Amino acid sequence: MTTTSKTLQLLQAWVQSAPKRTEKVVKLLADSGIDAEELEKELALKIAKPEPASATIPTFDPAIKRPCSPMLAERLRFAGSIGDANEKWPGLKDMQKAMATKRLQGAIKSLRDDWENSAPARFAPGQLGLFGYSMDEDTDLTLLVWETDDAAEPKLVRYFGQSERVFKHLDAFLKWANT
């Protein structure tokens with residue numbers, strides 16, 4: 001099995017598990033009196049059509065682009081932007097736009113200045129890209145990290161609340177997301 005087909009299988013499994021994730025959240029929130037039908041509509045998985053392929057991925061340094069790795073290429077062939085509840089995995093056209101926002105620039109600055117050994121504190125902006133972010137929590141985001149120029153796949157580093165989780169590559173992240 002090739003890496004890309006494994007990535008595609010993991011992405012498909014993640015999409016197929018969306019109704020279960022939504023059902024869990026709806027059950028929790030419906031007990032508090034929130035309309036279940038409205039919740040399901042809000043939490044529905046939103047998947048944009050794939051965008052034209054690109055050989056590069058933007059970074060937090062607008063002058064530097066990184067080669068598109070096989071796993072990231074598979075992810076981008078699968079879909080453009082993906083919205084799952086309050087989390088967004090931007091497509092290529094939305095990545096650079098999102099990274100330039102004051103909100104995400106502030107989150108990166110906060111991690112760099114206030115979180116010792118965080119990815120933004122350890123790596124230059126040209127070694128960091130954006131995989132995903134929360135639509136309503138400024139510092140909840142998942143970064144792509146190219147530790148070296150010749151890295152075959154970037155690591156993914158997820159910040160959620162006061163926790164940091166590091167994944168060897170996209171497939172490892174998707175395995176975790178499917179649990």
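The side chain of glutamate 153 makes a polar contact with the side chain of serine 69, at 2.5 Å. That is a handy place to start in this model, which is predicted. From there, this briefing turns to the largest pocket, with about 780 Å³ of space, and then to alanine 85, in the loop between strand E4 (82-84) and E5.

**Glutamate 153**
- You can find glutamate 153 in the loop that runs between strand E7 (141-145) and strand E8 (155-160).
- Glutamate 153 is buried, yet it has no salt bridge.
- Apart from neighbours within four places in sequence, glutamate 153 is in contact with Ser69, Pro70, Met71, Leu72 and His169.

**The largest pocket**
- The space in the largest pocket comes to about 780 Å³.
- The lining of this pocket has 31 residues, and those closest to its centre are Arg21, Asp84, Glu87, Arg158 and Ala177.
- Elements that give two or more residues to the lining include helix H2 (18-30), strand E6 (128-134), strand E9 (163-167) and helix H8 (170-177).
- With six residues, H2 gives the most to the lining of the largest pocket.

**Alanine 85**
- Look for alanine 85 in the loop between E4 and E5.
- Alanine 85 has a relative accessible area of 39%, so it counts as partly exposed.
- From C-alpha to C-alpha, alanine 85 and serine 118 are 26 Å apart in space, and they are 33 residues apart in sequence.

Technical notes. Residues are numbered from 1 along each chain as its sequence is written. This is a predicted model: local features need pLDDT of at least 70, side-chain atom pairs count only at pLDDT 80 or more; totals for chains, interfaces and linings use all residues. Side-chain values use heavy atoms; hydrogens and water are left out. Helices (H or I, at least four residues) and strands (E, at least two) are DSSP runs, numbered from the N terminus. Buried means under 20% relative accessible area, exposed over 50%, partly exposed in between (1.4 Å probe, protein chains only). Lys and Arg count as positive and Asp and Glu as negative; His and the chain ends are not counted. A salt bridge is a side-chain nitrogen of Lys or Arg within 4 Å of a carboxyl oxygen of Asp or Glu. A polar contact is a pair of N or O atoms within 3.5 Å; within protein, one must be able to donate a hydrogen and the other to accept it, and residues adjacent in sequence count only if both atoms are side-chain atoms. Contact means heavy atoms within 4.5 Å. On a 1 Å grid over the protein atoms alone, a cavity is a set of points where a 1.4 Å probe fits but cannot get out, and a pocket is an open set with protein on both sides within 12 Å along at least five of seven lines; lining residues have an atom within 4 Å of a point. Grid points are joined across faces, edges and corners, and a volume is the space filled by probe spheres set on the points.
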